[in-house]
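Reader: Please take me through one part of this model at close range. Then set that part against the rest of the chain.

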Amino acid sequence: MYQVLTILTLIILLFFGDVGDIPINVTPGNDGMAFILMLLGAMFIFGVMGCAYLLLMLQLQKKPDLFQARFWKSAPILLIIIGVISITVYLMLGMSGSLFEWVDGHRWFMYVLLVYFIWLFYFWIVSIVNRQTRDKQKVPGYSLGIGVVVLLIIIFMM
């Protein structure tokens, strides 16, 4: 039940992002708006990763041996391969113009892509932290902290 509520929370977050019609670009010299957009981006990243964290924690409560599965041994390499293929497809669609047509017609598609890449990054970090941590209950929390910090550094460096 809580997992369904978490997914609904994510959908509501994406809905408000879509309905809010927040501008993505900033005119030069408008530093205040740039800062506000960075804060909104940080809140979006934290919200999306927070939902992934909640889903993982709720699943870990139902199945405490979740991180003992064979999947987690090969997950870092597997998730890197999936990420490289995803980025390649994303760039190919972007260069062909198809992606821009889809996003222009349906802005929600951009949010789905953002959630996909953020979750892919989060679960890649989970798979690495899982190999390094003995206390498996702390893996989702450590991964959330590392993931949010890394993505915020990337955003604020742009």
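**The salt bridge and its setting**

Author: Asp 135 and Lys 138 join their side chains in a salt bridge, at 4.0 Å from N to O.

A word on the source. This is a predicted model, in which local features need pLDDT of at least 70 and side-chain atom pairs count only at pLDDT 80 or more, while totals for chains, interfaces and linings use all residues. Residues are numbered from 1 along each chain as its sequence is written, and side-chain values use heavy atoms, with hydrogens and water left out.

Are the two partners buried or exposed? Asp 135 is partly exposed, because its relative accessibility is 36%. Lys 138 is also partly exposed, at 42%. The classes run as follows: buried is under 20% relative accessible area, exposed is over 50%, and partly exposed is in between (1.4 Å probe, protein chains only).

Now the rest of the chain. The chain holds six helices and zero strands. Its order along the sequence is α-α-α-α-α-α. Helices here are DSSP runs of H or I with at least four residues, strands are runs of E with at least two, and numbering starts at the N terminus. The C-alpha trace spans about 50 × 30 × 30 Å along its principal axes. Of the 158 residues, 33% are buried. The accessible surface is about 10,400 Å², and carbon and sulfur atoms supply 73% of that. These areas come from the Shrake-Rupley method with a 1.4 Å probe; for residues, only the protein chains shown count as cover.

Take helix 4 and helix 5 next. Helix 4 covers residues 98–105 and helix 5 covers residues 108–132. Their axes come within 6 Å and cross at roughly 115 degrees. Each axis is a line fitted to C-alpha atoms over the stretch in contact, and angles run from 0 to 180 degrees between N-to-C directions. Leu 99, Trp 102 and Val 103 of helix 4 meet Phe 109, Met 110 and Leu 113 of helix 5. That makes six nonpolar residues, no polar and no charged. Nonpolar covers Ala, Val, Leu, Ile, Met, Phe, Trp, Tyr, Cys and Pro; charged covers Asp, Glu, Lys and Arg; the others, Gly among them, are polar.

Val 103 touches Phe 109 and Met 110, leaving out residues up to four places away in sequence. Contact means heavy atoms within 4.5 Å. Val 103 counts as partly exposed because its relative accessibility is 22%.

Helix 1 spans residues 2–19 and includes Ile 7. Beyond its neighbours within four places in sequence, Ile 7 contacts Leu 55 and Trp 119. Ile 7 is partly exposed, at 34%. Ile 7 also belongs to a nonpolar surface patch of about 740 Å², made with Met 1, Tyr 2, Val 4, Leu 5, Leu 8 and Ile 11. Patch residues have over 30% relative accessible area and no salt bridge; nonpolar side chains (Val, Leu, Ile, Met, Phe, Trp, Tyr) are joined within 5 Å, like charges within 9 Å.

Ile 12 lies in helix 1 too. Ile 12 is partly exposed, at 47%.
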